[in-house]
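Q: I've never read a protein model before. Can you walk me through one, feature by feature?

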Amino acid sequence: MKRAFRVLILMLGLVGTYVAAAVPSVPAPDGGPLPLCPRRACL
């Protein structure tokens, strides 16, 4: 039973990684980096 849960968690991790890699990245309108955080917070 424990092995089944471990395999399930491992499979969910692999599927999640595949889904995250399959999502296309969205470029910024000007082609620059995306402003994900304020300029001072990133430094």
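**Reading a helix and its surface**

Q: Is Phe-5 buried, partly exposed or exposed, and how do I tell?
A: Buried means under 20% relative accessible area and exposed means over 50%, with partly exposed in between. In this predicted model, Phe-5 has a relative accessible area of 48%, so it counts as partly exposed.

Q: Which nonpolar patch is on the surface?
A: Met-1, Phe-5, Leu-8 and Leu-12 make up that patch, and together they have about 490 Å² of accessible area. Here's a handy idea: an α-helix has 3.6 residues a turn, so residues three or four places apart point the same way. As for Phe-5, it sits in helix H1, residues 2-22.

Q: What span should H1 have?
A: At 1.5 Å a residue, its 21 residues should span 30 Å, and the end C-alpha atoms are 30 Å apart, so the two agree.

Q: How many residues of H1 are buried?
A: The count is 0 among its 21 residues, so to speak hardly covered. Across the protein's 43 residues, 2% count as buried.

Technical notes: Residues numbered from 1 in each chain as written. Predicted model: local features only at pLDDT ≥ 70, side-chain atom pairs only at ≥ 80, totals over all residues. Heavy atoms only, no water. Patch = residues over 30% accessible without salt bridge, like charges linked within 9 Å, V, L, I, M, F, W, Y side chains within 5 Å. Areas by Shrake-Rupley, 256 points an atom, 1.4 Å probe, with all protein chains shown as cover. Salt bridge = Lys/Arg side-chain N within 4 Å of Asp/Glu carboxyl O. Helix = DSSP H or I, 4+ residues; strand = E, 2+ residues; numbered from the N terminus. Buried < 20%, exposed > 50% of the residue type's maximum accessible area, 1.4 Å probe, protein only. Expected span 1.5 Å × (residues − 1).
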